[in-house]
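Subject: The structure, and what turned up in it

Hi,

Here is the structure I said I would pass on. Have a look at it first, then read my notes with the model open beside you.

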Amino acid sequence: MAALPLLRWGASSLLAHSSPPASRRLFSAIRRLPAAAHWEPGSRVILKGMDYPELEKWVQSQGFRPGQAMMLWKCLYGNNVWAHCPDELAGLNKDLRKMISEHADLKALTVKDIITASDGTRKILFSLEDASVIETVVIPSARGRTTVCVSSQVGCAMNCQFCFTGRMGLRKHLSTAEIVEQAVFARRLFSDEFGSITNVVFMGMGEPLHNVDNVIKASSIMVDEQGLQFSPRKVTVSTSGLVPQIKRFLHESNCDLAVSLNATTDEVRNWIMPINRKYNLNLLLGTLREELRLRPKSIVLFEYVMLAGVNDSVGDAKRLTELVHDIPCKINLISFNPHSGSQFKPTPDEKIIEFRNMLIQSGLTVMVRLSRGDDQMAACGQLGEPGQLPLLRVPEKFLAAL
């Protein structure tokens, strides 16, 4: 889901068919993938798949000094170079450039198309080596902040019912290089037009923590002080609620965490976010309480997509307050962006404001995310292409809302 500018206010079920197979596909897919970069003598490597210690080791293995590795690192990520070919590696000696041209690739993605929405939001379509396509969104703001929303997978296994990407099914995990390169391209393509790209959100295609190894590694490259130099407080990784991976992320990363909550009861969340059947609200929120005690300066951003007649009642506002009041957090209310095949309706703006005000009165900090890029399917929950995962059976009491 593409992340959008924020307006801030605050005080201080069963599957409709083939249920067991879809459930097994979802939960068995939640596995750990290796992230360390490996190379064989004589083989080509993708430079953006390495963190700095790995890059330094590789450069030394080719017979060059460690200092040359730092120069190469800065050509890839710093000094406003963002090199995509050996000819752009200014300052490196010709022997090192020759070795890189023979044994390494500087690009992991190819731009297929750039689409401009009426509000200035840009959607970049990237082709991967296997011809798969991912989407990245660049969102400028008049307040001097420009955000790049990166994808972490082709498709998604989570089958969230309100999300276009979630209905695609998982097609592949992105590599570290394919994730990092999205932020590099954003700066390379749009820094002159928009100024500095200041924020990164892992809210594009895919469930980031399903690809946890590559996401943690990519985010660490993004915040490296000698590289892309994003502030850890301005890099946010979103999740639908994979509890073991949340624990690992909070232990290993200094970037911010967002949790897509979207419901105040297990009944509703089991339906619209089937990952809740494995990690329910009590387990998810209990884990956040426990883990955030170990990170006293950290907060979690709860994302809440407003679905008319489903999760936007007065009772939902009261339950949401009760669920999160003792968790250091901010609430991000998001208007549902319709898409082909969706069965939900967006909550009217005035009702979103009423919902927001009830949360504020209870002492919570609340933001309302404005839709950006929705006329070009670049807004929250609109990325990707029509999918194959089944719609889930709607609880009877919500049929009238759809």
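This is a predicted model: local features need pLDDT of at least 70, side-chain atom pairs count only at pLDDT 80 or more; totals for chains, interfaces and linings use all residues.

**The core**

Let's begin with the inside. The largest nonpolar core has 113 residues.

Leaving aside neighbours within four places in sequence, F302 is in contact with V259, L261, L285, L288, V324, I327, C329, K330, I331 and N332.

**Two helices side by side**

Next, turn to helix 10 (residues 314-324) and helix 11 (residues 349-361). They pack at an angle of about 35 degrees, and their axes are 10 Å apart. The crossing of helix 10 and helix 11 is right-handed. On the helix 10 side, the contact is made by V314, D316, A317, L320 and T321, while helix 11 brings F355, M358 and L359. What kinds of residues are these? Six are nonpolar, one is polar and one is charged.

A317 sits in helix 10 and counts as buried because its relative accessibility is 2%, under the 20% cut-off. Not counting residues up to four places away in sequence, A317 touches F355, M358 and L359. From A317 to N357, the C-alpha atoms are 9.5 Å apart in space, and the two residues are 40 apart in sequence.

- Y77 is found in helix 3 (residues 66-77) and is buried, with a relative accessible area of 1%. Y77 and L228 are 151 residues apart along the chain, but their C-alpha atoms are separated by 5.1 Å. Beyond the neighbours within four places, Y77 is in contact with L47, K48, W82, V180, V184, I221, G227 and L228.
- V215 lies in helix 6 (residues 212-222), and at 0% relative accessible area V215 is buried. V215 and T176 are 39 residues apart in sequence, and their C-alpha atoms are 6.7 Å apart. Setting aside neighbours within four places, the contacts of V215 are S152, I179, F202, P208 and V237.
- A108 is in the loop between strand 3 (104-105) and strand 4 (110-116). Is A108 buried or exposed? With a relative accessible area of 17%, A108 is buried. Not counting residues up to four places away, A108 touches I46, A177, E178 and E181.

**Two asparagines with positive phi**

Some background first: most residues other than glycine have a negative phi. Now look at N159, where phi is near 55 degrees, a positive value. N159 is in the loop between strand 8 (153-156) and strand 9 (169-173), and is buried, with a relative accessible area of 6%.

N262 also has a positive phi, near 70 degrees. Where is N262? You will find N262 in the loop between strand 12 (256-260) and helix 8 (266-272). N262 is buried as well, at a relative accessible area of 0%.

**Cysteines**

A disulfide is a covalent bond between the sulfur atoms of two cysteines. How many disulfides are there here? The count comes to zero. Two cysteines to compare by accessibility are C85 and C255: C85 counts as partly exposed because it is at 27%, whereas C255 counts as buried because it is at 1%.

Happy clicking, and send me your questions.

Best wishes

Methods
Residues are numbered from 1 along each chain as its sequence is written. Side-chain values use heavy atoms; hydrogens and water are left out. Axes are lines fitted to C-alpha atoms, for helices over the stretch in contact, and angles run from 0 to 180 degrees between N-to-C directions. Helices (H or I, at least four residues) and strands (E, at least two) are DSSP runs, numbered from the N terminus. A crossing is left-handed if the near helix is turned anticlockwise from the far one by less than a right angle, and right-handed if clockwise. Contact means heavy atoms within 4.5 Å. Ala, Val, Leu, Ile, Met, Phe, Trp, Tyr, Cys and Pro count as nonpolar, Asp, Glu, Lys and Arg as charged, and the others, Gly among them, as polar. A disulfide is a pair of cysteine sulfur atoms within 2.5 Å. Buried means under 20% relative accessible area, exposed over 50%, partly exposed in between (1.4 Å probe, protein chains only). A nonpolar core is a set of buried Ala, Val, Leu, Ile, Met, Phe, Trp, Tyr and Cys residues joined through side-chain atoms within 4.5 Å.
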